Amino acid sequence: MEKSYENEHPIKAFGWATRDTSGVLSPFNFSRRVTGEKDVQFKVMYCGICHSDLHQLKNEWGNSKYPMVPGHEVVGVVTEVGSKVEKFKVGDKVGVGCMVGSCRKCENCSVDLENYCPRQIPTYNGYSLDGTLTFGGYSDMMVSDEHFVVRWPENLSMDAAPLLCAGITTYSPLKYFGLDKPGMHIGVVGLGGLGHMAVKFAKAFGTKVTVISTSANKKQEAIERLGADSFLISRDPEQMKAAMNTLDGIIDTVSAVHPILPLLMLMKSHGKLVMVGAPEKPVEFPVFPLLMGRKLVAGSCIGGMKETQEMLDFAAKHNITPDVEIVPMDYVNTALERLLKSDVKYRFVLDVDASHKPPRGTNKKLIF
């Protein structure tokens, strides 16, 4: 007999879940915990669809737990706060990103790097402290410890939810690896959800940006729409050769297996290649080019809570928002199919709140 997730906790909730590796989502009644003394309960307004949702839904990373309610780019409005909550009040606009918990005691947590805590609790497809599954933002409401809730800037549109994953995933390495200095020349590999945010942040930092892509048809949008300074077709040996030793650093956002050596050759000595995409299979690269230029290949994964708030404030100040296509909740399976084919510029965002409102002139709740 299937476990009753509807009665697991006291607060009724509704979302969309997949029950197996098919990854197909359908309506799902479940429940959330009572708002604890340090918890924030909020009504979900928007939730971004992340490329990692695709991997998790189909168990492509081998760690999926079902049923699964995805969504870790969640923006909403506070409906209740616990008695010891200090940062938020009812009516505040808030966001929850990729994590809802950590040990709060380890070396990483002590320096605001909860994202690297070995006991990090992911927003979905993880286990809460009470041992129950975490369910994400493809749902009508959430409850989270206030430490893992960020204040949503007043002048930032709430449908800019992908900042909470795609935004921080690209902002953090640019800052940490010192690739945010005006006048630097930064490469961005791939022009999808992550890539277009990397371009926007790198430009806001005052750097020169070259987009590197296998798709020649993305040149116009990279330069005219996103403001990149130049464009390289990675499959064109002549273009790649002409650009050798020109880049100070590269943010590689591609989540498919791809050659690394050509990218290493683009960088100057001391160049830093930072991987933020997550290919399913190992990538190979030769060591010799690293030795001959003291070059670095590194990785980076989202950011801590302090830096995530810093990123949101920076985005609000510089008017940096993701390019999104807003869709209703019942379009989610079609959106995921289109995302798999890269048929979106550049991120889908679910209008969760509107999906639960009755059409004008009726008093009936929408049923999908």
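Guide: Happy to. Let's start with the residues that line the largest cavity: Gly97, Cys98, Met99, Leu164, Ile168, Ile302, Gly303, Met305 and Thr308. Please keep in mind that this is a predicted model. Sorted by class, that lining has 6 nonpolar and 3 polar residues, with no charged ones. The volume of the largest cavity is about 70 Å³, and the structure holds 1 cavity of 30 Å³ or more. Rolling a probe the size of a water molecule over the atoms is what shows where empty space is left.

One of the lining residues, Ile168, leads us to helix 3, where Ile168 is among the buried residues. Helix 3 covers residues 166-176, and it is largely enclosed by the rest of the structure because 9 of its 11 residues are buried. Besides Ile168, the buried set includes Ala166, Gly167, Thr169, Thr170, Tyr171, Ser172, Pro173 and Leu174. After helix 3 comes Gly178, with a positive phi near 70°.

What covers those buried residues? The cover includes strand 10, helix 4 (193-204), strand 13 (247-252), strand 14 (267-275), helix 9 (305-317) and strand 17 (347-351). Helix 9 is part of that cover, and Met305 and Thr308, which fall in its range, also line the largest cavity.

Strand 10 deserves a stop too. It spans residues 185-189 and contains His185. His185 counts as buried because its relative accessibility is 12%, under the 20% cut-off. The side chain of His185 makes a polar contact of 2.7 Å with the side chain of Thr210. Beyond its neighbours within four places in sequence, His185 is in contact with Lys208, Thr210, Ser230, Thr246, Leu247, Asp248 and Gly249. Among these contacts, Leu247, Asp248 and Gly249 fall in the range of strand 13, another part of the cover over helix 3.

How values were computed: Residues are numbered from 1 along each chain as its sequence is written. This is a predicted model: local features need pLDDT of at least 70, side-chain atom pairs count only at pLDDT 80 or more; totals for chains, interfaces and linings use all residues. Side-chain values use heavy atoms; hydrogens and water are left out. Helices (H or I, at least four residues) and strands (E, at least two) are DSSP runs, numbered from the N terminus. Buried means under 20% relative accessible area, exposed over 50%, partly exposed in between (1.4 Å probe, protein chains only). A polar contact is a pair of N or O atoms within 3.5 Å; within protein, one must be able to donate a hydrogen and the other to accept it, and residues adjacent in sequence count only if both atoms are side-chain atoms. Contact means heavy atoms within 4.5 Å. On a 1 Å grid over the protein atoms alone, a cavity is a set of points where a 1.4 Å probe fits but cannot get out, and a pocket is an open set with protein on both sides within 12 Å along at least five of seven lines; lining residues have an atom within 4 Å of a point. Grid points are joined across faces, edges and corners, and a volume is the space filled by probe spheres set on the points. Ala, Val, Leu, Ile, Met, Phe, Trp, Tyr, Cys and Pro count as nonpolar, Asp, Glu, Lys and Arg as charged, and the others, Gly among them, as polar.
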